[in-house]
Amino acid sequence: MIGSLVLASLAASSAVVERPNVLFILVDDLGWTDLGYSGSSFYDTPNIDRLASSGMVFTNAYAACPVCSPTRASIMAGKYPARMDTTDWFGAPQPDRLSANYSRPLKPAPYLNRLPLEEVTLAEAFKEGGYRTFFAGKWHLGPEGFWPQDQGFDVNIGGNQTGGPYGPGKYFHPFDKPNLTSEPGDHLPARLAEETVKFIDGGEGPFFAYLSFYSVHTPLMGRDDLVEKYRFRKAIVGASDEDIWGVEGPGKVRLIQEHAVYAAMVEAMDEAVGYVLDYLEETGLDGNTIVVFFSDNGGLSTSEGHPTSNLPLRAGKGWLYEGGIREPLIVRAPGVTRMVTISHEPVISTDFYPTLLELCDLPARPGQHVDGRSFVDQLLEGEMEERPIFWHYPHYGNQGGSPGSAVRLGDWKLIEWFEDGRLLELYNLRVDPGETENLISERSERAKELLIMLRQWRREVDAKMPSLKNENNLRASGY
């Protein structure tokens, strides 16, 4: 196992060899280009950029779903949301509870609104391996009884069923999250970072710490000092409405990054990341701690304030286009990754489970992470065998997206929309990452191959489909 190589490399500098620690940082709604290292010239993210310069950056990393809860479940279980029926954000209306004036052509598929306790989570695997386990921040994987402490975490700070900080002070004092106190002047991302450091500092033995920010999810609100900084920067940019807005589907999409409040939220999150990274460096733990940085879905660009732009990617959160599912990913694994390295090979959120087990020399659980594949070879800059990756979102997104499925194999991506008249879209992502040229007519044979693959996969995982509202509105999907 590669984990044995990691332990061996550490033995050279330590008389006592310990398993590597793991710090997994998950940000909510952060877009692919919302960081300095990934192309933003408006948001300041020096701490995350520093992390990127010390590990491997993945340019084709994907969330398993364009909305939050399904992706979070995929990380914890190592399974596609479609296999677990956890295909929409937990709290979205079920099809049998739609309002009387519901006017969409299709009824979305039913979904499971909790991560089943029967799943052996990533946290449970680490706990069974002798790790101290810690969770802080947004959970959003089920009601009470399905919270982090019920899914393998020794400590839960702030995690419950809610998808955002919707209590009395929201991102500011007073908080209303479990086991999280606050005082006047406290800011939620900073407090979550402080609690993470407190946990790491307060125990013996290897740790698995999962810092899951509520940032940068709505409500859009930032620290006054940072908002003022970016309002000044926005005035310098001086963009016109024509520069700012484009059209996606039935509504508008943001084309440039110049939202001052959102920028303040991004920078505050970056400061919180820096607080934890600084602690690891000051204590020397950085030499024995694997750090993963990821986002749960694309940036919010088509609704709810339209705070960011994902260009050159198309659309954003809630859409099966690249802007909704391609994510920033950084992995720093001492003894494995080198500084300033880049991987262009596709990976997806189900892959974290087997990858982290291998890095930490813990036994694989092939019956659990059935949809994940370890990407340790990529961390070693080796070759990876090509494989398809899949998405299934049989729902209408709050952000304008429609029910559909997608598959990517190599450079090619096929989207199958379930509404009549929309059918198929085929893109070559290597030359057209913005999905501007649908090649379905020119490359019909490639599209047919991918469509067969996609439909076979849906049958394999027993993916639930939208139901008929009107017989004329749902074509024969082949499912």
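**Exercise 1. Determine which residues of strand 16 lie on each side and whether they are buried or exposed.**

Solution. Strand 16 covers residues 424-428; strands here are DSSP runs of E with at least two residues, helices are runs of H or I with at least four, and both are numbered from the N terminus. In a regular strand, side chains alternate between the two faces of the sheet. On one side stand Leu-424, Leu-426 and Asn-428, on the other Glu-425 and Tyr-427, and all are buried. Buried means under 20% relative accessible area, exposed means over 50%, and partly exposed lies in between (1.4 Å probe, protein chains only). Five of the five residues are buried, so strand 16 is largely enclosed by the rest of the structure.

The model is predicted: local features need pLDDT of at least 70, side-chain atom pairs count only at pLDDT 80 or more, and totals for chains, interfaces and linings use all residues. Residues are numbered from 1 along each chain as its sequence is written, and side-chain values use heavy atoms, with hydrogens and water left out.

**Exercise 2. Classify two aromatic pairs.**

Solution. A pair of aromatic rings is described by the distance of the centres and the angle of the planes. Rings of Phe, Tyr and Trp (its six-membered ring) pair if their centres lie within 6.5 Å; planes under 30 degrees apart are stacked, over 60 edge-to-face, and the rest tilted. The whole structure holds 25 aromatic pairs. For Phe-135 and Trp-139, the centres are 5.1 Å apart and the planes at 85 degrees, so this pair is edge-to-face. Both Phe-135 and Trp-139 are buried. For Phe-153 and Phe-208, 6.2 Å between centres and 20 degrees between planes make a stacked pair. Phe-153 is in the loop between strand 4 (132-137) and strand 5, whereas Phe-208 is in strand 6 (residues 207-212), so the pair ties together parts 55 residues apart in sequence. Phe-153 and Phe-208 are both buried.
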